[in-house]
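Please find below my notes on this structure, written for a colleague who is meeting it for the first time. The points are meant to be read with the sequence and the model side by side.

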Amino acid sequence: MADVGPPGELGTTAGLKTKENPPAGRAPAVIVTIVIATIVGLSLWYLSRPEPLLVQGEADSTRVDIAARVDGRVTGLPAVRGQDVQSGAVLVEIDNPELLARRDEAVAAKAVAEAELARINAGTRSETVAVRKAEIDRAQAELTLAQQTYDRVRPLVATHVEPQSKLDDATDALQVGQRGLDQAKLAYDEAVAGFTREEHEMAEAKVARAEAAVGTLQALVDQLAVTAPLAAQVFERNVELGEVVAPGVPLLTLVDLGDVWLRFDLREDLVRGLKVGDRIAARIPALGDRSVEAEVRLIASKGEYAGWRATRATGDFDLRTFEVRAYPIDKVAGLRPGMSAYVDWRAGGG
């Protein structure tokens, strides 16, 4: 039988073992406490940190609607959608025969006015002066004849050889002859003097009016070829060959790819703290999620009923929407209007 020793020693050994067990039992509790504290701390940090928002916008650019200033039928469409055009390039060709006829009529009227002015500037023709001189001689001869007739009839009437009516006829003929001579002399003087200053000015005014009419119609004729006002790209084409177009109706839309910006429509609570000149980093999925740094240059409220929201939003009241335009700091190759842009936006500021 094994020696178990004295009872006192056995009790002492058992007592020592019983005293060492409590520290080994507290270790799991400490670990659990630490884990719980860590979880609570991480939860509080996650709940208290600012919530990230992914704001979606899109690339936009200057768009120019091209309309005709005249009506007519489309006969040519040299430009197609997506084509790059230079300033002055022909986009649409229009035919209007009535307008061309009115232009030709105005050109003819101008030629008539110019010819009239040239005639007045040349003065009275020498043949006209000679005719006026011959009319004076003829009037003078008629007056001499009337005077001679009067001189013969007067004594005869005085001796009652001829009736008084003969003297009256001779007197009337003498007066008519005198007035005819006076008129012939005035016509001769007018022919020699030529046209007056007022007639010159009137003829010049008629020429100017005719030139203005031709210029107006020619300007409209020039608009039969609709041209690009700037170097841009054809974005939309709203007309086809053979269609009849009216003035002011957009035919094409051009986009200026040299003036592209990023547009975001944000609730007013998201633009708090944002100001012109701030810079934001945007991602362009169409360019392989390329990061583009852009500068804010415009913050403007949209219409009262503009309800488009860039992010999910719920609340008990309506918030106005603001348009934010951010222009890339450096030129971005391949950035085109309509491409989506994403910005990690944190609530409470940009």
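1. Basis of the note. This is a predicted model, in which local features need pLDDT of at least 70 and side-chain atom pairs count only at pLDDT 80 or more, while totals for chains, interfaces and linings use all residues. Residues are numbered from 1 along each chain as its sequence is written, and side-chain values use heavy atoms, with hydrogens and water left out.

2. Salt bridges. The structure holds 16 salt bridges, a salt bridge being a side-chain nitrogen of Lys or Arg within 4 Å of a carboxyl oxygen of Asp or Glu. One of them joins Asp 60 to Arg 63, with the closest N and O atoms 3.6 Å apart. Asp 60 is buried at a relative accessible area of 15%, whereas Arg 63 is partly exposed at 42%; here buried means under 20% relative accessible area, exposed over 50%, and partly exposed in between, using a 1.4 Å probe and protein chains only. Both residues belong to a network of salt bridges that also links Glu 58, Arg 263 and Asp 265.

3. Four strands make up an open sheet in the order 5-4-2-7, with antiparallel pairing. Strand 5 (225–227) and strand 7 (244–245) stand at the edges, and because each has a single partner strand, one side of each is left without a neighbour in the sheet. Strands are DSSP runs of E with at least two residues, helices are runs of H or I with at least four, and both are numbered from the N terminus; two strands pair if DSSP finds at least two bridges between them. Within this sheet, strand 2 (residues 72–76) and strand 4 (residues 90–95) pair in the antiparallel sense over three bridges, and Arg 73 has Asp 95 of strand 4 as its bridge partner.

4. Strand 11 and its partners. Six of the eight residues of strand 11 (residues 321–328) are buried, so this strand is largely enclosed by the rest of the structure. Strand 11 pairs antiparallel with strand 8 (residues 250–267) over six bridges, and seven bridges join strand 11 to strand 10 (residues 290–301), again in the antiparallel sense.

5. The surroundings of Asp 278. Which residues does Asp 278 touch, not counting those up to four places away in sequence? They are Gly 273, Ala 294, Glu 295 and Val 296, where contact means heavy atoms within 4.5 Å. Asp 278 is found in the loop between strand 8 and strand 9 (279–284), and at 19% relative accessibility Asp 278 counts as buried. Asp 278 forms a salt bridge with Lys 275, whose closest N and O atoms are 3.2 Å apart, and Lys 275 is exposed at 52%.

6. A nonpolar surface patch. Val 32, Ile 36, Val 40 and Leu 44 form a nonpolar patch on the surface, with about 360 Å² of accessible area together. Such patches are made of residues with over 30% relative accessible area and no salt bridge, in which nonpolar side chains (Val, Leu, Ile, Met, Phe, Trp, Tyr) are joined within 5 Å and like charges within 9 Å; accessible areas come from the Shrake-Rupley method with a 1.4 Å probe, and for residues only the protein chains shown count as cover. Val 40 lies in helix 1 (residues 7–48) and is partly exposed at 43% relative accessibility.
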